[in-house]
Amino acid sequence: MISLSVLALVFGVVFLAELPDKTALAGLVLGARYRASYVFAGVAAAFLLHVALAVAAGSALTLLPARIVHALTGVLFLGGAAVLLFKKDDDEEEIRRPEDQSFWKVAGTGFMLILVAEFGDLTQIMTANLAARYDDPVSVGIGAVLALWAVGGLGIVGGKALMKRVPLGLVVKIAAALMVALGVWSLYEAVA
């Protein structure tokens, strides 16, 4: 059974954490060069793979005692908030132009870019934490995938316009505040 509250929480946290990340920029650049539907197919497939790996890792953590899981996820959430607040955005990915505009070339370029750029990324680690925290891999997986697809789609279709209206710093601060709240709550549950 899917928990809509867990799904919505995961969607919100992952969406806000991924929005200021390089994914929106990569989607914007790829979307400007190639057919948007081809780019999205590749990006969506890469995110699906990332979430599956993260949920599997998080589900494995649920085998540990609950106090340890709460303490571990609390510390990781607080660490994630610190990474969001203090990271420097100086790593721009090099995007190679495929020789032709076929579906497989363009989707493959989007897939490989996201697969490499996002592996071990903050949102993948957060998804694993959320899967461990809520012990609901289906709801966490669906929420995370939908959030990542939404950010990828926004980046492909109109990331530049969105960033003109919503200050990036505000998005980062909201995402960090949510992660701090989740971290504190998890640590509280570990000691309570």
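Author: Happy to! Helix H1 passes helix H6 in a right-handed crossing; a crossing is right-handed if the near helix is turned clockwise from the far one by less than a right angle, and left-handed if anticlockwise. Helices here are DSSP runs of H or I with at least four residues, numbered from the N terminus. The axes of H1 (residues 4-18) and H6 (residues 122-134) come within 10 Å and cross at roughly 160°, which makes H1 roughly antiparallel to H6. Axes are lines fitted to C-alpha atoms over the stretch in contact, with angles from 0 to 180 degrees between N-to-C directions. Angles under 35 degrees count as roughly parallel, over 145 as roughly antiparallel, 65 to 115 as roughly perpendicular and the rest as oblique.

H6 also packs with helix H3 (residues 36-61), at an angle of about 40° and with the axes 7 Å apart. H3 is therefore oblique to H6, and their crossing is right-handed.

Val138 is found in H7 and is partly exposed, with a relative accessible area of 46% (partly exposed lies between buried, under 20%, and exposed, over 50%, with a 1.4 Å probe and protein chains only).

Please keep in mind that this is a predicted model, where local features need pLDDT of at least 70 and side-chain atom pairs count only at pLDDT 80 or more, while totals for chains, interfaces and linings use all residues. Residues are numbered from 1 along each chain as its sequence is written, and side-chain values use heavy atoms, leaving out hydrogens and water.

Notes
Helix = DSSP H or I, 4+ residues; strand = E, 2+ residues; numbered from the N terminus.
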